[in-house]
Amino acid sequence: MDWTPTISELSGPRYQRIVEAMEADIAAGRLVRGQQLPTQRALAKALGIDLTTVTRAYTEARRRGILEARVGQGSFVSETSARRAVDLPHPVAIDLSMNVPPHPLEAQLDERIIAGLEAIRAQSGLTAHLNYQPPGGSAHEREVAARWLRARVPHAHPDKLVIFPGTQTILFNVLAYLARPGDIVLTEALTFPGVKAAAARLGVKLVAVTMDEGGILPDALAKACRTHKPKAVYLIPTLHNPTTATLSAERRSAIAKIIREAGTVLIEDDAYGLLDRAASPIANLIPERTYLATTLSKCIAPALRVAYLLTPDADAQQEMRSYLQATVQMPAPLMVALVTHWLESGIADRIITAIRNEAVGRQQLAQRALKGFQFQAKPAAHHLWLKLPDGRPDVAAHLLRNGLAVVAGDAFAVDGVPPHAARVSLGAARNRSELTEALRILVGAMHKTADTRQIV
């Protein structure tokens with residue numbers, strides 16, 4: 001037996017001591033992801049305790065997401081930290097519709113949240129962050145964020161930076177500042193549903209620009225700029241949502257030139273840029289014409305609600321701070337303090353590296369499972385863009401009837417006929433075992449022929 005916990009030095013019921021020892025050994029590296037644990041009977045014998053105590057411990061460990069049971073194989077250390085099984089609407093059993101990052105054990109999020117809050121408490125006290133703070137972040141918080149961003153955006157400066165509670169708030173406020181009802185903003189033919197919702201609420205008209213597997217087409221963008229005289233162009237140049245397309249350096253340069261010559265501005269959604277650091281933001285080419293949004297939602301966790309907006313100049317920064325104050329006042333100060341601590345200490349980069357590595361592993365798993373099907377993917381993306389079988393308009397509905405949720409192409413289409421495709425969010429599965437089961441259901445639905453459909 002490879003693992004025998006030391007529980008004599010711990011307090012509390014024995015089953016809890018076993019779980020706590022398991023957590024401690026995972027944190028210390030004595031237990032690693034995917035490692036098989038002893039059978040319940042073998043562990044009970046080794047510890048000299050009754051079997052029901054060990055059974056209760058394993059049940060509690062599964063509830064916390066520490067271990068996972070595999071039918072016919074045994075119990076294994078989970079590949080991810082605990083993620084609560086959310087209350088999913090019937091009949092969803094596995095939800096691959098939300099594009100969220102996975103949380104591998106190596107990210108040590110639970111431990112780092114606790115340690116980070118303790119560091120903040122020791123330095124300034126937690127209650128210091130429970131009052132109103134300057135909209136857009138304090139000078140220190142913006143300086144730390146700007147210094148961190150300069151690794152990818154050399155012109156990042158605290159006087160041009162605003163801290164927002166998530167990219168969705170950035171998009172709403174930037175659109176409200178740049179455009180009025182009826183004004184036109186150009187975007188890719190397929191785009192983030194959140195910007196569609198914000199534009200609709202503000203009365204801003206989104207106009208689609210043709211794209212291919214490499215992203216938006218510069219010639220099509222130039223033509224659209226001449227035709228529509230847009231107030232702004234909204235793009236996701238890196239690991240595009242939903243297609244995963246990443247613009248080449250040549251296209252980025254061409255797009256920057258088009259935006260400059262058209263006299264318009266770019267809203268660059270860099271939600272996934274930290275997962276592919278080889279891709280330089282377009283903002284580096286036209287900083288004076290770019291509102292660059294960088295969020296931690298896709299590279300650490302969405303519920304932190306911390307995102308950074310880099311504006312073209314100090315005047316625009318002041319305007320965006322005013323808009324932020326008028327809409328949601330400020331981001332949650334305690335979350336900003338935690339993230340700032342992680343940025344200063346280098347912990348944020350270590351978490352992002354662990355999550356990026358897990359994304360690569362999940363993409364490799366999907367590549368094997370979906371061999372023979374047509375899809376777009378990138379190694380570090382949290383999602384893939386799957387072409388659905390021709391003549392099968394019911395694939396997404398069939399998946400839902402079988403307990404698997406994905407997002408069909410119409411959610412992303414700006415205008416015209418939506419593609420017969422779906423975004424599959426690999427990071428949403430709580431662990432690789434759940435992802436494997438989800439992909440099994442997905443492949444089964446893709447193979448199902450039209451002849452087998454029930455006629456009623």
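Before you start, note that the model is predicted: local features need pLDDT of at least 70, side-chain atom pairs count only at pLDDT 80 or more, and totals for chains, interfaces and linings use all residues. Residues are numbered from 1 along each chain as its sequence is written, and side-chain values use heavy atoms, with hydrogens and water left out.

**Stop 1: the whole protein**

Show everything as a cartoon. You will find 14 helices and 17 strands; these are DSSP runs numbered from the N terminus, with helices being H or I of at least four residues and strands E of at least two. The C-alpha trace spans about 80 × 65 × 35 Å along its principal axes.

Now switch to a surface. The accessible area is about 20,200 Å², and carbon and sulfur atoms own 53% of that; the area comes from the Shrake-Rupley method with a 1.4 Å probe. Of the 456 residues, 53% are buried, meaning under 20% relative accessible area with a 1.4 Å probe, protein chains only.

Next, colour by charge. There are 52 positive and 43 negative side chains, and the centres of the two sets are 3 Å apart. Lys and Arg count as positive, Asp and Glu as negative, while His and the chain ends are not counted; each charge is placed at NZ of Lys, CZ of Arg, CG of Asp or CD of Glu.

**Stop 2: Ser75**

Select residues 74–77, which form strand β2, and pick out Ser75 within this strand. Ser75 has a relative accessible area of 10%, so this residue is buried. Leaving aside residues up to four places away in sequence, Ser75 touches Gln35, Gln36, Leu37, Tyr58, Leu67, Glu68 and Ala69; a contact means heavy atoms within 4.5 Å. Try the distance tool on Gly34 too: its C-alpha atom is 9.2 Å from that of Ser75, although the two are 41 residues apart along the chain.

**Stop 3: Thr294**

Move to strand β11, residues 290–295, and highlight Thr294. Thr294 is buried, because its relative accessible area is 1%.

**Stop 4**

Finish with Cys225 and Cys299. Cys225 counts as buried because its relative accessibility is 5%, and Cys299 does so at 1%. How many disulfides does the whole structure hold? The search finds zero, where a disulfide is a pair of cysteine sulfur atoms within 2.5 Å.

Notes
Buried means under 20% relative accessible area, exposed over 50%, partly exposed in between (1.4 Å probe, protein chains only).
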